[in-house]
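Hi everyone, thanks for making time for this. Please have the picture open while I talk.

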Amino acid sequence: MTVSHNLDGAALDLELKGLIADVLGLDPDQAQAFGPDSGLFGHLPELDSMAVAGLLTEMEDRLGIVIEDDDVDGEMLETYGALRAFAEAKLGGR
Amino acid sequence: MFTWTPPATDGTPAREELLVAFDRGRDLRLLVCPAWFDEANKLRRFTIEVMRRLDRAGVDCLLPDLPGCNESLAPLTDQTLEGWRAAMTAAAEALRATHVLAIRAGALIAPPALPGWHYAALSGPKLLRGMIRARTIAAREAGITETTDALMAEGRAAGLTLGGWAIGPALFAALETAEPVLAPGQSDLAQSAIGGPGLWLRAEPDEDASQADRLAARIVQSLAGAPA
């Protein structure tokens, strides 16, 4: 598993969108169309708790971060922008 | 319909378990240790597709049910890591397997006497982490607060139902430290060596013919003596 350090904005975007594409079975190009307001948990029926858990666990692996219980809330998972901001904060806080 | 019989524990009559087999009595006989729980569902079709390709390449493929899973009538909550290891070893002997392909958490119970491959092996702690996280997220959605620490303690003491799978306390505790170990003659086949996203990640079960092609091709090459 590749752990990506020093991800800048564009690389983080690519990694996160790739991950969402993997979970939802989208073309990578399709996932690149996600914007900050694109809805995730609660908006995409495929994204149930099991899929979200897989997404977060894979984020830990690929980004080299640890996600605690308290980090996970509805807000952080609601939109692509919120998930990205969360990942950025985790990466910055190491 | 094919069956095999796992070892009887504590004198109870052994029950037959089912398996999916492409069995034409050939020299190369591959035991497939399936992925577990939710991943088993997501990877079932992919697993069978890999077996079909290996069958066409001249390899018999044998995919037993784990006791307590799939069509098995045994209660899942009674299963243990050691019991599953013994069951896979018994299946290998009963089915005269020559090699093993262990998928994801299946790598935790691959019979060490067989050469073969661990595909995208998953450790016990990672398996539990993902399943517990799914439960805490679902609980939060329902307005209930559950913490990972409390659930881990409950799992150790009394077992825990995660994603609909009732995991007994012995299996739960064993998974907390279980790591896949490559026995002599076994090698890792990482997802990066196959290419494309792991199908266990998909929110919905899916298939990918090109990934099945590549995994089967790696195994055929390796059986023919090429480096894995």
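Let's begin with F37(B), which lies in helix α1 of chain B. A helix here is a DSSP run of H or I with at least four residues, a strand is a run of E with at least two, and both are numbered from the N terminus. Before we go on, a word on where this comes from: it is a predicted model, where local features need pLDDT of at least 70, side-chain atom pairs count only at pLDDT 80 or more, and totals for chains, interfaces and linings use all residues. Residues are numbered from 1 along each chain as its sequence is written, chains are lettered from A and ligands numbered from 1 in the order in which they are written, and side-chain values use heavy atoms, leaving out hydrogens and water.

Back to our residue. Is F37(B) buried or exposed? F37(B) is buried, with a relative accessible area of 3%. For that word, buried means under 20% relative accessible area, exposed means over 50%, and partly exposed is in between, using a 1.4 Å probe and protein chains only. The backbone of F37(B) deserves a look too: phi is near 55 degrees, a positive value in a residue other than glycine.

R96(B) also has a positive phi, about 55 degrees, although R96(B) is not a glycine. You can find R96(B) in the loop between α2 (81–94) and β5 (99–103) of chain B. R96(B) is exposed, with a relative accessible area of 54%.

Now go back to helix α1, which covers residues 37–56 of chain B, and look for R53(B) there. R53(B) has a relative accessible area of 13% and counts as buried. Which residues does R53(B) contact, once we leave aside neighbours within four places in sequence? They are A209(B), A212(B), D213(B) and A216(B). Contact, by the way, means heavy atoms within 4.5 Å.

Next stop: helix α3 of chain B. T136(B) has its place in this helix, which spans residues 124–141. T136(B) is buried, at a relative accessible area of 6%. Not counting residues up to four places away in sequence, T136(B) touches E146(B), T147(B), T148(B) and L151(B).

R135(B) is found in helix α3 as well. At 22% relative accessibility, R135(B) counts as partly exposed. Beyond its neighbours within four places in sequence, R135(B) is in contact with E146(B), L151(B), L160(B), T161(B) and L162(B).

For another pair, look at A8(B), in the loop between β1 (2–4) and β2 (17–22) of chain B. A8(B) is partly exposed, with a relative accessible area of 45%. A8(B) and G83(B) are 75 residues apart in sequence, while their C-alpha atoms are 9.8 Å apart in space.

Let's zoom out to chain B as a whole. How many helices and strands does chain B have? There are seven helices and nine strands. The radius of gyration of chain B is 18 Å, close to the 17 Å that the globule rule gives for 228 residues, so chain B is as compact as a globular protein of that length. That radius is taken over C-alpha atoms, and the globule rule is 2.2 Å times the number of residues to the power 0.38. Buried residues make up 50% of the 228 residues in chain B.

Chain B also has a domain assignment: domain 1 is 2–122 + 180–223, and domain 2 is 123–179. Such bounds come from an automatic or database domain assignment. The centres of the two domains of chain B, taken over C-alpha atoms, are separated by 24 Å. Where they meet, the contact takes 16 residues from domain 1 of chain B and 15 residues from domain 2 of chain B.

Finally, chain A. Chain A has five helices and zero strands. Its radius of gyration is 12 Å, close to the 12 Å from the globule rule for 94 residues, so chain A is as compact as a globular protein of that length. Of those 94 residues, 47% count as buried.

That's my tour, and I'm happy to take questions.
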